Amino acid sequence: MDIISQLQEHANAVAAVVFDTFGTLQRDAPTVQLSPNYPESPTGPTPIPNANTTEDAANVTGQSEVMSAAILKAAKQLDALVAALPISEGGEEAQLKGIAEFQAENDAVGQELQRQLEAAGRL
């Protein structure tokens, strides 16, 4: 697998870990009042079973530590892949020259292929 495909795969892995982390924290975090000035509903907050217990808060804290470690590990792997990318030599002008050379080679191969197709068609 080439380095660009590996980068894409690891970027997707980082996104998946972050997505899972946010979803889990959103699901499991205890409810809190946003502001003392924010009015509560007339019936009061909807109770969530076991949402505000100390055990659940510790569980969320433990989960967030594990998940943040997973995010950090995935980000470090992505950084290592980025560091392994070859450094562009010569800047933009050298890259444009290389692209022109590849295009010329591609055109020559295309013309040769066209000649062979025409020769095959005559047979």
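Here is a short exchange between two colleagues about the predicted model above.

Residues are numbered from 1 along each chain as its sequence is written. Local features need pLDDT of at least 70 and side-chain atom pairs pLDDT 80 or more, while totals for chains, interfaces and linings use all residues, and side-chain values use heavy atoms, without hydrogens and water.

Colleague: Nice to see this one! In what order do the elements of the chain run from the N terminus on?

Modeller: Helices (H or I, at least four residues) and strands (E, at least two) are DSSP runs, numbered from the N terminus. The chain has 3 helices and 0 strands. The order is therefore α-α-α.

Colleague: Is leucine 81 buried or exposed?

Modeller: Leucine 81 sits in helix α2, residues 54-83. Beyond its neighbours within four places in sequence, leucine 81 has contacts (heavy atoms within 4.5 Å) with Ile3, Gln6, Leu7 and His10. Buried means under 20% relative accessible area, exposed over 50% and partly exposed in between, with a 1.4 Å probe and protein chains only. Leucine 81 has 12%, so this residue is buried.

Colleague: And which residue meets arginine 115 in a salt bridge?

Modeller: Good one! A salt bridge needs a side-chain nitrogen of Lys or Arg within 4 Å of a carboxyl oxygen of Asp or Glu. With an N to O distance of 2.8 Å, the partner of arginine 115 is glutamate 112.
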